Structure formats: structure tokens, C-alpha cells
Amino acid sequence: MPLAPDNQQTTCVNLDGLHPFAQGANRFCFYHPDDPDRCLKVIRPENIEARYRRQSPLKRVLGKARLNDNSQEWAAHQQPAIRQLLRAGQQAVVWSHLPHFYGSQPTSLGPANASELIRCADGSVAPTLESLLRQGQVPAELQAAIHRFESWLTETRILTRNLLPHNLVVTNRSGQPELFLVDGLGAPTIPQALAALPGWSNHYIARKIARFRLRMAWEQDQQGLSWEDFQGLR
């Protein structure tokens, strides 16, 4: 049984000498050395400092904590839509397209967010949707998986940031492809605050899905255009 998002684990995990299996601009992702079904996301503090220095004096007043992706991910799992589903015993619905979230884990490289490592039926790490889209034709079974993911967003009203194909992975462990959002959960402060207004979250999610479809079209056929230029043509 996964831990609730507001639980913390106290055992320090030694990551010294290990290499991340993936990395983004702000975090390293490590295999958990004691659990092959978990990954540990560790902040790259030098990038937080660099982002902070690039900001305007007004934004600097807000501090550095809001630039910490682990803190943002933690808060995203506390959003009302998720908490309501968990309280209602709908754990299977929440985790049908999200990796189980196990909270904060101390490591030798600093605090990490521990979450389920999504694997395929053969045990390999699930590939990103981006890598599959760039292979060209999208098979019908993958199109169906994308539709199920979009329907899940609409029905649960779980808020996300922009849906980027490299932040989604595709696993066949249930016997058919399914999408899991491994990064980008949660909405900025103002959109999250507005989510309680009738119909507002539906409008927000519909916009995210529309942008997601446009992004997938660009990943499949970039036509030599940057993402910014591609958007301008649509």
C-alpha cells in the first residue's frame, strides 16, 4: 500500500556514486538502490539559484521555495481533486494515470521525492510518449490510450501544468498501452485557487488538452519549425 502524500520517510538513502537514469533542467532521477519499483527525484540546487538570479526583483521577493520542483510536486498531490478522490476510496482512479507518490525521502544528495517507477510488462522502464510520437505513425491502440488519459483528466478534474509528451510515459503492463504523467502535475497558484468556481476547472483542463494535442502534432511532424513557430501557424 503506497504511503499517503503527506507522509515522510526517515531512512537516508545513499546515492553517492550512482548515476541518474534521467534528468531534467531542475531534477535528477535515480533508481532507488533498495527498491527497483521506485525512483528518487533529487533537486539540482545550482539550477534553482540560476533561475532565481534571472528573475526580476519583484519575483525575487517571492523567494526560492516556489522554484523547487519537489515542493511543487508535493503541493500538487495535495490538490483538492486528488484529496477528495482518496478520501472517497478512489485510490485506483487516482493512480490509474499517476505514479504512486510516497512522499519525501532523505538521501545523501539531499531530500528526494519518492515515487513509483513505471515499467513495462517485460520489466523495462516505460518509454516517453515523446519517443513514440517521433517514430511517426501513431497506432490505434496508442491513440486509444491517449484518449483514455484525456478522459481521465476531464472526469477527475485533476489539474496539471502544460502536458508535454516527454513528461508522459507509456506502459503495457495491464495488457494495453496506458499513459502515466510522471512530471508536470499541479497548476500554478491562481488557477488552483480558481478551481473551486463552477465550470472553471473544466475550462482549464480543456485548454490543456487542446494544447497537448497541438504539441503531439508538432512532435510527429515538426516541419523544421520550432514549437513557438509551429503554434503560430495553427
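This is a predicted model: local features need pLDDT of at least 70, side-chain atom pairs count only at pLDDT 80 or more; totals for chains, interfaces and linings use all residues.
In soluble globular proteins, nonpolar side chains tend to be buried together. Here the largest nonpolar core counts 33 residues, and the ones with the most contacts inside it are Leu98, Leu129, Leu142, Phe149, Leu179 and Phe212. Two or more residues of this core come from each of the following elements: helix 4 (80-87), helix 6 (129-133), helix 7 (140-156), strand 6 (168-171), strand 7 (178-181) and helix 9 (200-220). There is also a second, separate core of eight residues, with Val13, Leu15, Phe30 and Tyr102 among them.

Which residues does leucine 129 touch, once its neighbours within four places in sequence are set aside? Its contacts are Leu142, Ile146, Pro165, Leu168, Val169, Val170, Leu179, Phe212 and Met216.

**Salt bridges across the chain**

Turning to charged pairs, the structure holds 11 salt bridges. Three of them are listed here, with the separation of nitrogen and oxygen for each pair.

| Salt bridge | N to O distance |
|---|---|
| Arginine 119 and aspartate 37 | 3.9 Å |
| Arginine 134 and glutamate 219 | 2.8 Å |
| Arginine 148 and glutamate 178 | 3.1 Å |

Take the pair of arginine 119 and aspartate 37, whose closest N and O atoms are 3.9 Å apart. Arginine 119 sits in the loop between strand 5 (112-116) and helix 6, while aspartate 37 sits in the loop between strand 2 (27-31) and strand 3 (38-43), so this bridge ties together parts that are 82 residues apart in sequence. Aspartate 37 is partly exposed, at a relative accessible area of 44%.

Next comes the salt bridge between the side chains of arginine 134 and glutamate 219. Because arginine 134 belongs to the loop between helix 6 and helix 7 and glutamate 219 to helix 9, the pair ties together parts that are 85 residues apart in sequence.

The salt bridge of arginine 148 and glutamate 178 links helix 7, where the arginine lies, with strand 7, where the glutamate lies, so parts that are 30 residues apart in sequence are tied together. Arginine 148 is partly exposed, its relative accessible area being 26%, and glutamate 178 counts as buried at 12% relative accessibility.

**Buried residues to look at**

Glutamine 105 is a polar residue in strand 4 (residues 101-105). Why does glutamine 105 count as buried? Its relative accessibility is 3%, and buried means under 20% relative accessible area. The glutamine 105 side chain reaches the backbone oxygen of threonine 11 at 2.2 Å. Not counting residues up to four places away in sequence, glutamine 105 touches Gln9, Thr11, Cys12, Val13, His32, Leu40, Gly110, Pro111, Ala112 and Ala114.

Tryptophan 95 has its place in the loop between helix 5 (91-94) and strand 4, and it counts as buried at 9% relative accessibility. Beyond its neighbours within four places in sequence, tryptophan 95 is in contact with His77, Leu86, His100, Phe101 and Phe180. Its C-alpha atom is separated by 36 Å from that of leucine 225, which lies 130 residues away along the chain.

Serine 201, in helix 9, also counts as buried, at 3% relative accessibility. Leaving aside neighbours within four places in sequence, serine 201 is in contact with Arg157, Leu159 and Ala195. Of these, arginine 157 is found in the loop between helix 7 and strand 6. Its phi is near 60 degrees, a positive value in a residue other than glycine. Arginine 157 is partly exposed, with a relative accessible area of 43%.

**A nonpolar patch on the surface**

Finally, the outside. Phe21, Tyr31 and Val125 form a nonpolar surface patch with about 230 Å² of accessible area together.

Key: Residues are numbered from 1 along each chain as its sequence is written. Side-chain values use heavy atoms; hydrogens and water are left out. Patches are made of residues with over 30% relative accessible area and no salt bridge: like charges are joined within 9 Å, nonpolar side chains (Val, Leu, Ile, Met, Phe, Trp, Tyr) within 5 Å. Accessible areas come from the Shrake-Rupley method with a 1.4 Å probe; for residues, only the protein chains shown count as cover. A salt bridge is a side-chain nitrogen of Lys or Arg within 4 Å of a carboxyl oxygen of Asp or Glu. A nonpolar core is a set of buried Ala, Val, Leu, Ile, Met, Phe, Trp, Tyr and Cys residues joined through side-chain atoms within 4.5 Å. Buried means under 20% relative accessible area, exposed over 50%, partly exposed in between (1.4 Å probe, protein chains only). Helices (H or I, at least four residues) and strands (E, at least two) are DSSP runs, numbered from the N terminus. Contact means heavy atoms within 4.5 Å. A polar contact is a pair of N or O atoms within 3.5 Å; within protein, one must be able to donate a hydrogen and the other to accept it, and residues adjacent in sequence count only if both atoms are side-chain atoms.
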